[in-house]
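Subject: Handover of the structure and notes on its packing

Dear colleague,

Please find below the structure that I am handing over to you, together with its sequence.

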Amino acid sequence: MAETGKLLETIPAEEQKTYDIIVIGGGPCGCTAALYGGRAGLSVLVVEALAPGGQMATTDRVDNYPGYPDGIGGFELAEQMKAGAERFGAEFASGEVKKVELGGKIKKIYTNSKEYWGRSVIAATGASPRELGLPRERELRGRGVSYCATCDGMFYRGKEVAVIGGGDTAAADAVYLSRICEKVTLIHRRDTLRASRAYLEPLKACGNVKILWNTVAEEILEKDGAVRGLRLKNVSSEESSELMVDGIFVAVGNVPNSALFAGCLRLDDNGYIMADSTTRTAVQGVFAAGDVRRKSLRQIVTAVSDGAQAALAAEEYIASQF
């Protein structure tokens with residue numbers, strides 16, 4: 001059970017509304033769960049710390065979501081998903097969940113200012129970008145260190161930047177930044193990229209992208225409170241070098257946002273919530289869906305699928321228990 005900050009006094013039971021489903025997280029998974037729950041005639045509340053859409057809302061262009069052959073902006077898709085859920089009566093509330101009580105028949109969810117009750121809970125808290133763990137990395141975030149190329153790329157128009165990573169996100173970020181920046185250096189610790197062919201072909205076509213193989217970042221170089229470069233090491237030769245860049249875009253994976261559930265739900269060694277293919281966890285009436293759940297593929301389309309499945313599982317649970 002996680003708890004942070006001072007919470008408000010408990011609302012008297014006779015005044016407290018009990019929702020059929022409380023969804024924690026308003027990304028594509030949470031919005032889909034809300035839509036399906038509302039469409040089934042259930043009362044649904046979505047609690048989201050930031051804006052609906054999660055990481056998707058920060059994506060400049062979504063090109064692999066069915067039904068949009070020309071792609072769609074991530075923020076626009078997020079707004080459409082939220083509107084779809086609201087059409088079927090789902091409610092949305094802003095607030096960071098600080099504490100959960102999931103053991104009883106009525107689940108209780110607390111933010112710093114509100115207390116919510118629900119007959120079931122869907123954990124759809126997603127994941128956050130993984131940091132490199134370098135000195136001054138957090139200090140320089142927003143001053144040359146970024147975890148979202150589509151969010152911050154325009155600040156580096158005509159400049160030289162580095163992308164660190166080797167998967168789909170790193171390759172996509174390098175391609176995106178190549179259209180804006182004078183030069184992009186992609187830094188990868190291995191001798192081949194893990195990115196799929198759909199991302200590799202556009203990357204090969206970029207004339208201003210250079211790839212440094214078998215290379216890791218050891219230190220962020222800083223001047224006057226802003227990034228000025230990186231100190232690198234070749235893992236094969238052990239040789240060190242410096243790369244002068246104005247911005248560093250980190251794309252080395254994600255960390256599940258599951259700390260809230262530590263101690264009350266089972267987590268795997270990487271911190272993902274353990275749930276079966278129907279999204280049921282070991283706690284009755286609690287379901288885990290989307291990027292926070294342990295599974296092999298994490299995409300918008302799989303998050304949406306999880307959301308629909310979680311709503312169905314919650315509907316079946318409520319029908320059998322209440």
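The average pLDDT of the protein is 92, and 95% of the residues score at least 70; please keep in mind throughout that this is a predicted model. The stretch to treat with caution is residues 1–6, where pLDDT stays under 50 and for which the model has 18 contacts beyond four places in sequence.

Let me begin with the helices. Two packed helices are described by the angle between their axes and the distance between the axes, and I give both values for each pair below.

Helix 1, which covers residues 28–39, packs with helix 2, residues 74–87, at an angle of about 20°, and their axes are 8 Å apart. Because angles under 35 degrees count as roughly parallel, helix 1 is roughly parallel to helix 2. The crossing in which helix 1 passes helix 2 is left-handed. On the side of helix 1 the contact is made by Pro28, Cys31, Ala34 and Leu35, while helix 2 contributes Met81, Lys82, Gly84 and Ala85. Sorted by class, this contact of helix 1 with helix 2 holds six nonpolar residues, one polar residue and one charged residue.

Helix 1 also meets helix 6, residues 300–321, and here the axes come within 7 Å and cross at roughly 35°. In this case the crossing of helix 1 past helix 6 is right-handed. Helix 1 brings Pro28, Cys29, Thr32, Ala33, Tyr36 and Gly37 to the contact, and helix 6 brings Ile300, Ala303, Val304, Asp306, Gly307, Ala308 and Ala311. Nine nonpolar, three polar and one charged residues make up this contact of helix 1 with helix 6. Pro28 is therefore worth a look in the viewer, because it is named in the contact of helix 1 with helix 2 and again in the contact of helix 1 with helix 6.A further pair is formed by helix 4, residues 168–178, and helix 5, residues 197–204, which pack at an angle of about 30° with their axes 9 Å apart. That angle makes helix 4 roughly parallel to helix 5, and helix 4 passes helix 5 in a left-handed crossing. Asp168, Ala171, Ala172, Ala174 and Val175 of helix 4 meet Tyr199, Pro202 and Leu203 of helix 5. In the contact of helix 4 with helix 5, seven residues are nonpolar, none is polar and one is charged.

I turn now to the strands. Strands of a sheet pair through backbone hydrogen bonds, either parallel or antiparallel.

An open sheet of five strands has the order 8-15-9-10-11, and its pairing is parallel. Strand 8 (145–146) and strand 11 (209–212) stand at the edges with a single partner strand each, so one side of each is left without a neighbour in the sheet. Strand 8 runs parallel to strand 15, residues 247–250, and two bridges join them; within this pair, Val145 has Ile248 of strand 15 as its bridge partner. Helix 4 packs on this sheet, where it touches strand 9 (160–164), strand 10 (183–187), strand 11 and strand 15, and the direction of helix 4 makes about 170° with that of strand 9.

Another open sheet consists of three strands in the order 12-13-14, with antiparallel pairing. Its edge strands are strand 12 (215–223) and strand 14 (240–244), each of which pairs on one side only. On average, and with direction ignored, neighbouring strands of this sheet are turned by 30° against each other. Strand 12 and strand 13, residues 226–234, run antiparallel and are joined by eight bridges, with Ile220 standing opposite Leu230 of strand 13.

Finally, there are two hairpins to look at in turn. Strand 4, residues 99–101, pairs with strand 5, residues 107–110, in the antiparallel sense over three bridges, and a hairpin joins strand 4 to strand 5 through five residues. In this pair, Tyr110 of strand 5 is the bridge partner of Lys99. Strand 5 in turn runs antiparallel to strand 6, residues 115–123, with four bridges between them, and the hairpin from strand 5 to strand 6 passes through four residues. Here Ile109 stands opposite Tyr116 of strand 6.

Terms used. Residues numbered from 1 in each chain as written. Predicted model: local features only at pLDDT ≥ 70, side-chain atom pairs only at ≥ 80, totals over all residues. Heavy atoms only, no water. Axes fitted to C-alpha atoms, helices over the stretch in contact; angles between N-to-C directions. Parallel < 35°, antiparallel > 145°, perpendicular 65-115°, else oblique. Left-handed = near helix turned anticlockwise from the far one by under 90°. Contact = heavy atoms within 4.5 Å. Nonpolar A, V, L, I, M, F, W, Y, C, P; charged D, E, K, R; others polar. Pairing = 2+ DSSP bridges. pLDDT = per-residue confidence, 0-100.
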